[in-house]
Amino acid sequence: MHPFFDTPLSQFPLLQGGKAALLGKDVNLFTYGDLLLYFPFRYEDRTTFYDIGEITEEDNYVLLKGQITQIDTVGTGEKRRMTAILQDDTGEVELVWFKGLEYVSRTVQKGVTYSVFGKPTLYGKKFNIAHPEVEVFNPNKVQEQAFMPIYNSSEKMKKRGLDSRGIGSLIKRLLPQAMPHLQENLPMYLLDRYKLISKQTALQNIHFPKSPQHLRHAERRLKFEELFFIQLNLLQQQKDLKDKHNGMVLKNTQLITEFYNNHLPFALTNAQKRVLREIYEDAKSGNQMNRLLQGDVGSGKTIVAFVAALMAIGNDAQACLMAPTEILADQHYNGLKVFADKMGLSIACLTGSSKTAERRMIHEKLLSGELHLLVGTHALLEDVVQFKNLGLCVIDEQHRFGVAQRAKLWAKNPQFYPHILVMTATPIPRTLAMTVYGDLDVSVIDELPAGRKPIKTVHKYEAGRSEVFGFIRREIEKGRQVYIVYPLIEESEAMDYKNLMDGYEAVSRAFPEFPISIVHGKMKPAEKDYEMQRFLKAETKIMVATTVIEVGVNVPNASVMVIENAEKFGLSQLHQLRGRVGRGAEQSYCILMTEYKLSKDARLRLETMVRTNNGFEISEVDLKLRGPGDLSGTQQSGVLDLKIADIAKDQAVLQEARKCAAEIIAKDRELLLPEHEAIRHYIAQRQRGNGQLKWSLIS
Ligand code: ADP
Ligand code: MG
């Protein structure tokens, strides 16, 4: 890394008198390199005039040309505002001013052609632009900077001349000095193959593009580079694990055969079989497995986990399964115990609330090898939990479980690292998996067990409530059971709680003939358990609950899921809740209740739920709506701290980058070929910089 880029900003002549310190404090810029990497967050396109009729909701800022046909002043006092209609051949748009009305009324006149620049917002069915820049149109005027970068800046920075324009001119001054020191970090042949522009051009054009097209090329190059180096790193880690650590060889399948022949409760789906083959290939290979198992709610991941455990146990090793919460751990334990008992295997559950005596016994039996399968929470990670011979760990997770934590599990068998199978609770999009779990191999169960009737989902408003209640009654009379779920959002807990109780009362009044359960987070575990058991035994017909049932018991006879205030739930949560029904042979239903007034995003979430049952499809929409940081499964993942790329929007580039990185590693693991010199050099520098310098991303 050239020292030029590490030069502190305080040495920059234009940043004297405390300005450099201000940049550090307010926007984390400390060095020349940081400043050059401070990319605009948007651009103002003043190169072309838009047709007014072509404005869409997606448009950010637009440049328009037209005549003012009407000017009005409306309202009084604080609410006084001025409006004008701007018209061209294709349509009209309203301009609005709330301030400086006198000035505006002097400058804006009917019948004159203006060029107008601003951000259109949809108001009712019409677009309007608040406080646009308005100038009399002059065909001879040449725009000095037609395509303008806009940089973020704080109020303090603005006061000291470091507004967007000020930052732009700093960078303009610095760029030519930086160019000679800037090294290309991608090989020529890749630039050729992927039609990428050089690093120098890209850096120039990300700040000062001459046209939208120049900008697109610059973005593509920088995004590719960013994603490529992440993928290269992930794939190298993956390869390192494979090369450096022997896996326990789990070849003997006798136990599995016994299970298949005598105790398998149903025929496995083809997808389950395929995934088990993939796992077995790893298990017998002598390499250590690190695999991600993805499958939709209800696709049957549990039995796959159990058979994988049998691979270990059948080879004189032990297995463990770790869940993110106690409720989930209990649920897994209860589910797996049925299989384990049939096979005569010993199984135990270890969580934070296990009693000391029980704990001690578990510890002992793990060490002696008497205990075959241990289910539990993070309590499993504690150092006191030692196995005689741990062969396989299944991690059922909601949150990203980092390499550091996986390493704790590896360490539980110093001789052979145990094989690791990570299961996601809900599907995550392919591209996200590639990044967040990029160091794992991926298996997918993309098929539901046969005979499942797809759940029918409808969206109803309050006005349809009596119809919904009528439907519920008929289903219960047919022998079914019903969930009615209320949102519980921490910030408004008191109000949600009141909602739930009001709802419970309303339901009780509407169905005096049926016994009803209620379960919520404020109840004691024993009370909750009691109510859940009653519902499970079909003693109660309706379960009114908050989202605690998301991870609750499996009740195949429940065939209707009513979600109240469905607009308040995220997509993956809605999908997860819906997965509570449709587990038996009956046709199941999911009813999403909302108010009339819905935001655009809420509407899309509901439409998506009604349109599809496919968790992968739903997760794609979720990713686009919320961005990667908010999706479950990604929270603790540093790999999503991207400078320019966006996992949701740049899927195509990501796939290219991953493929490219994989090819290079397959061909030249140590990056020793002359054509990979640039890559090797760059990585070495970055490692020397300890990954701390942001500049390391680009220089
Ligand atoms: P998830 O992938 O959501 O963890 P589970 O493992 O809990 O799914 O399985 C959901 C339900 O489907 C369970 O009741 C399970 O017994 C059942 N199941 C799993 N696989 C099959 C299959 N191949 N055929 C029929 N039922 C199955
Ligand atoms: Mg499950």
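Which residue forms a salt bridge with Lys199? In this predicted model, the partner is Glu225, and the closest N and O atoms of the two are 3.0 Å apart. The pair links distant parts of the chain. Lys199 belongs to helix α8, residues 199–207, while Glu225 belongs to helix α9, residues 212–244.

A word on the background. Side chains of opposite charge can pair when their charged atoms come close. In the whole structure there are 27 salt bridges. I will go through a few more of them.

Take Glu513 and Arg473. Their side chains meet in a salt bridge, with 2.9 Å from N to O. This pair also links distant parts of the chain, 40 residues apart. Glu513 sits in the loop between α18 (493–510) and β19 (516–519), and Arg473 sits in helix α17, residues 465–477. Glu513 is partly exposed, at 42% relative accessible area. Arg473 is partly exposed as well, at 25%.

Next, Glu586 and Arg480. Here the salt bridge has an N to O distance of 3.5 Å. With a relative accessibility of 36%, Glu586 counts as partly exposed. Arg480, in contrast, is buried, at 13%.

Arg274, Glu278, Asp282, Arg291 and Asp446 are joined in a network of them.

Now to the sheet. In what order do its strands lie? The order is β17-β22-β21-β18-β20-β19. That makes an open sheet of six strands, and the pairing is parallel. At the edges are β17 (456–461) and β19, each of which pairs on one side only. On average, neighbouring strands are turned by 20° against each other, direction ignored.

To look at one pairing in detail, follow β17 and β22. They run in the parallel sense and are paired over six bridges. If you find Lys460 on the model, its bridge partner in β22 is Met593.

Two helices to look for on this sheet are α18 and α20. Helix α18 packs on the sheet and touches β18, β19 and β20 (542–545). The direction of α18 makes about 175° with that of β19. Helix α20 packs on the sheet too, touching β17, β18, β21 (558–563) and β22. Its direction makes about 155° with that of β21.

Last, a single residue, Leu29. It lies in the loop between α2 (19–27) and α3 (32–36). What does Leu29 touch, leaving aside its neighbours within four places in sequence? Its contacts are Leu9, Ala20, Leu23, Gly24, Asp34, Leu35 and Tyr38. Leu29 has a relative accessibility of 3%, so it counts as buried. For a sense of scale, Leu29 and Arg193 are 34 Å apart in space, C-alpha to C-alpha, and 164 residues apart in sequence.

Definitions and conventions: Residues numbered from 1 in each chain as written. Chains lettered and ligands numbered in written order. Predicted model: local features only at pLDDT ≥ 70, side-chain atom pairs only at ≥ 80, totals over all residues. Heavy atoms only, no water. Salt bridge = Lys/Arg side-chain N within 4 Å of Asp/Glu carboxyl O. Helix = DSSP H or I, 4+ residues; strand = E, 2+ residues; numbered from the N terminus. Buried < 20%, exposed > 50% of the residue type's maximum accessible area, 1.4 Å probe, protein only. Pairing = 2+ DSSP bridges. Axes fitted to C-alpha atoms, helices over the stretch in contact; angles between N-to-C directions. Contact = heavy atoms within 4.5 Å.
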